[in-house]
Amino acid sequence: MRLPSILIVGVAVLASVLATPLQRATELDSSSSWAYKNPDLPIDERVTDLISRMTLDEKVSQLIQGDIRDFFNTTLAPSPPLVANMTALRTSKRYMGNGTTFPSPIGMACSWNPSLLVKVASVIGLEANALGTNNVFAPVLDLSRELRWGRVEENTGAMGLAFVTGIQGTPRPSAGKFAKARVAAMCKHFAAYGSPTGGLNTAPVVGSERDLRMTYLPPFKTACQDALSLMVAYSAYDGVPALANTKLMVDILRDEWGWPAFAMSDAGGVDLLQTQHKVTSDREGCAKITVDNFVGEMGGGTYTFETLQDQVAAGTVNVSSIDRALSYLLYTKFALGLFEDPFPLKDYADYMRTTESLDIDFQIEKESIVLLQNLNSTLPLSATSGSIALIGPHAGPVADGNIIYGDYVNFNASNLAVTPLAGFQALLQKSNVTLRYAQGCQLWSNDQSGFQEAVEAALISDAAVVFVGTWSRDQTLLWSGANATTGEHIDISSLELVGAQLALVKAVHAVAKKTIVVFVSGKPVTEPWIAENIPAVVQQFYQGERGGDALAALLLGDESPSGRLSVTIPRSVSTHFPNDWLRGTIYGTLDPGTVYPNGTLDFGTQYVLNSPEPQWAFGHGLSYTSFAWSNFSLSETNVTAGATVDVSVTVTNNGSFPAKEVVQVYIQDVISSVVIANHALAGFNKTETIQPGESAKIKIPIAVDNLAIWGASSRWALEAGEFNVRVSTAADNIIFNSSFWV
């Protein structure tokens, strides 16, 4: 019995797979009254009935989720009867490459705009649905605490729930009564994967159960209660590989949370139980450990689940483990309505890269860009007169070798991108502004032979904008050995610019009338010299298709920047502390050291010649106007469990530029029975555009129960005492603070 596929594959191949169960049920078994076919029955009843009718081979085959290339040779013309399917597969693959490309998740998280991100994710879900793709491998809910790790660019931050909501959407039109979504969002990587030892991909993560429950699991608990799939991390936590961690996968995920849907290994992850973690000696052990924790196997390894039938016969694996793992997979398929409505959108080409989707991309691009520094109102630049030089390896045409997308994009997808140069050219085409371009250097080289052209362009221009940063590769190049400084399996030891890039900035700054630096990157760049010497600094995490248009619009003053950092930017990789560092990490009065530009050394103790204070804090971001905050209040000051405290404030635009503001609320548990974070982000609100002289009243609800801690007795407790409320523009910039008591 072949059941509806949950793979990310082409429409044609999916169609052939989906037709099979219906054909067998009606033609071979001549029954249309079985419970699993009844769309009006609860999902659990349908799952139980279907499992009772499946053979062991059918059950195991459902739990193996592979790449389409593991089943078909997609490079050769097959003989009938697969010709039609393969032709359609290549057609659908072409459309997959033409989907809308949005900015990297770390960038979209800088928008601090969940409602906009729901729109973005809705486009992703719609395009996936149109192609017959039933499972989207997003959001990534790992935390950006270890910045050397290559996949920081993929992290969604506090926006996971918006991603899940948008991707899954509403059920298909003809789906069953209990269907829940059109496409399954896959929360990953469960759990704590993004903080590996040494920043090395798949390395073990060190931590306690308190760290797990208070730091690493909350993003999943918040975002994934309604998500229909989950990917299990490669790594081990506290010495136990995630796939082998019964406490994590069964006790917490299934029993405590009651999560009912499909969990799957990462690609090749099951084999790592033998080859990397060394907790079993053979493939059979890998498969048994995984299925006993009710997880399916993704391809990319040796397909250890192919041993399950023999292990059942030998008595080493219980069929009940296979049945329970399968029940979660079938729950997801029934919840998606795949049995009733496998192809709800017939003319899939009509849904790809539409005008509407590109408009949504343009908006998220603009709101994702962060103005880090703007001394003496260096920005915005004039859009009517004068001259501007665009310089650097991230500024110009893709043909020059500029790489501006993150990883996990299709081969040559960047050919569809609007580069910064193209964005400026489009916006200035009817103006009197003279625009110049010089690459200056490549991202991956120390060659300075292009400096002279760049310096000359800067010298004769009114302003020079230098685009530097990190780079990743598309999925073809990233795994074929091409150089990169970010992306999966690309881990680094320094957050400084590579090659000649910093020297290029210095050379341009030495001659330019006005210098602006734009960091185009997949993670924070630490260059204190730029922070100390360049008047205007902008952060653009890897862009989507209209990133160049967005940069031009903001730098030329069409709109005010409204992005806020979704990650801390430290002074160096060795001084990085996450926003929610534990109490006692920084003790007493901070005593930093300094190396002055003239070489003078001023020694401190925290650190001897540096500081643990960030260059730019979590939540930081500037605009072209100024805001005044007033009328701060708390709805309650004495509360009990189950209560909600409303934090209210009025934000007034007292500048001359229309702009959006982000109100952030951090909570500090003043006295706690165990050591916890110094504070935690408890809520936020991004205003709509506020016109000069106008105000917006903001109310942010804080659920008191969310302030519980994992205590010394290894259970949750909402402890009595004082909770300090800090209303802030960033983690390090408190505007108002007051307290309530539990």
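Start your tour by selecting helix α2: its buried residues pack against α3 (56-63) and α14 (319-335). Helix α2 covers residues 43-53, and the buried ones to highlight are I43, R46, V47, D49, L50 and I51. Here buried means under 20% relative accessible area, exposed means over 50%, and partly exposed lies in between, using a 1.4 Å probe and protein chains only. Helices are DSSP runs of H or I with at least four residues, strands are runs of E with at least two, and both are numbered from the N terminus.

A word on what you have open: this is a predicted model, in which local features need pLDDT of at least 70 and side-chain atom pairs count only at pLDDT 80 or more, while totals for chains, interfaces and linings use all residues. Residues are numbered from 1 along each chain as its sequence is written, and side-chain values use heavy atoms, with hydrogens and water left out.

**Stop 1: helix α15 and its two partners**

Select α15 (residues 355-368) together with α21 (residues 547-555). Their axes come within 8 Å and cross at roughly 50°. That angle makes α15 oblique to α21. (Angles under 35 degrees count as roughly parallel, over 145 as roughly antiparallel, 65 to 115 as roughly perpendicular, and the rest as oblique. Axes are lines fitted to C-alpha atoms, for helices over the stretch in contact, and angles run from 0 to 180 degrees between N-to-C directions.)

The crossing of α15 and α21 is right-handed; a crossing gets that name if the near helix is turned clockwise from the far one by less than a right angle, and is left-handed if anticlockwise. Now show side chains: F362, E365 and K366 of α15 meet G547, D549, A550, A553 and L554 of α21, where contact means heavy atoms within 4.5 Å. The residues of this contact divide into 4 nonpolar, 1 polar and 3 charged. (Ala, Val, Leu, Ile, Met, Phe, Trp, Tyr, Cys and Pro count as nonpolar, Asp, Glu, Lys and Arg as charged, and the others, Gly among them, as polar.)

The axes of α6 and α15 come within 10 Å and cross at roughly 140°, in a left-handed crossing. From α6, pick L116, L117, K119, V120, V123 and E127; from α15, pick S357, I360, Q363, I364 and E367, and you have the contact. Its residues divide into 6 nonpolar, 2 polar and 3 charged.

**Stop 2: strand β10**

Next, select β10, residues 387-391. All 5 of its 5 residues are buried, so β10 is largely enclosed by the rest of the structure. Turn the view to check both faces: S387, A389 and I391 are buried on one side, I388 and L390 on the other.

Now bring in the neighbours. Strand β11 (residues 434-438) pairs with β10 in the parallel sense over 5 bridges, and I388 has L435 of β11 as its bridge partner. Strands count as paired if DSSP finds at least two bridges between them. Strand β12 (residues 463-469) also pairs with β10 in the parallel sense, over 4 bridges, with L390 opposite V465.

**Stop 3: T470**

Move on to T470, in the loop between β12 and α18 (475-478). T470 is buried, with a relative accessible area of 9%. Leaving aside neighbours within four places in sequence, its contacts include H394, L443, T485, V520 and Y542.

**Stop 4**

Select the parallel sheet of 4 strands, whose order is β2-β3-β4-β7. Its edge strands, β2 (135-136) and β7 (262-265), each pair on one side only. Strand β4 (residues 229-232) pairs with β7 over 4 bridges, and S229 stands opposite F262.

Then go to the antiparallel sheet, an open one of 4 strands in the order β20-β19-β24-β25. The edges are β20 (680-686) and β25 (733-741), each pairing on one side only. Neighbouring strands in this sheet are turned by 20° against each other on average, direction ignored. Strands β19 (residues 662-669) and β24 (residues 722-730) are joined by 6 bridges, and D669 stands opposite F723.

**Last stop: T246**

Finish at T246 in helix α10 (residues 246-256). Is T246 buried or partly exposed? It is partly exposed, with a relative accessible area of 39%. Not counting residues up to four places away in sequence, T246 touches D251 and N293. For a distance check, the C-alpha atoms of T246 and T729 are separated by 41 Å.
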